[in-house]
Amino acid sequence: MPSEKYLRYGLPQPPRDVNQEYMSVQETAHVLNISVGTARRRIKALGIASKPGRSLVTSKRDRQRIHEFGRKNARAQEKARALRAA
C-alpha cells in the first residue's frame, strides 16, 4: 500500500505565499490550476531542468513560460477542432 507521502506527491499543494520566487512542481500546479502531471509535461517540453540531485523547482519566469505554453497549445487545439468540424 502506498504511503501518505507518495500519494501527496502527485497532488497540487497550495504554496505558503503565491508570490514567492521559487516553488515546487506541486505548488506550481496549484497556482496555475493544472494537474501535477500536466505541469511536469510542460516543464519537460520547455526544457526547464533541475540540477543533479536537486528537486525540480520553478521560478516566477518559469511559471510565466509554463502558463503561456499552455495558452498557446489550447489555441492550437481549438483551431484543429474547428477544422475537423468543418
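**Close-up 1. Glu 68, a partly exposed partner in a salt bridge.** Let's start with Glu 68, which is partly exposed at a relative accessible area of 34%. This is a predicted model, and in it Glu 68 pairs up with Arg 71 in a salt bridge. The closest N and O atoms of the two sit 4.0 Å apart. Arg 71 is partly exposed too, with 43% relative accessibility. Both residues belong to helix H4, three residues apart, so about one turn of the helix lies between them.

Close-up 2. Helix H4 covers residues 60-85, and because the pair is three residues apart in it, about one helical turn separates them. Is Asp 62 buried or exposed? Asp 62 counts as buried, at 13% relative accessibility, because the cut-off for buried is under 20%. Arg 65, on the other hand, is partly exposed at 29%. By the rule used here, the count of salt bridges comes to two.

**Close-up 3. Where helix H2 packs against helix H3.** Now for a pair of helices: H2 (residues 25-32) and H3 (residues 36-46). Which residues meet here? From H2 come Val 25, Gln 26 and Ala 29, and from H3 come Val 36, Ala 39, Arg 40 and Ile 43. Sorted by type, the contact has five nonpolar residues, one polar and one charged.

Definitions and conventions: Residues numbered from 1 in each chain as written. Predicted model: local features only at pLDDT ≥ 70, side-chain atom pairs only at ≥ 80, totals over all residues. Heavy atoms only, no water. Salt bridge = Lys/Arg side-chain N within 4 Å of Asp/Glu carboxyl O. Helix = DSSP H or I, 4+ residues; strand = E, 2+ residues; numbered from the N terminus. Buried < 20%, exposed > 50% of the residue type's maximum accessible area, 1.4 Å probe, protein only. Axes fitted to C-alpha atoms, helices over the stretch in contact; angles between N-to-C directions. Contact = heavy atoms within 4.5 Å. Nonpolar A, V, L, I, M, F, W, Y, C, P; charged D, E, K, R; others polar.
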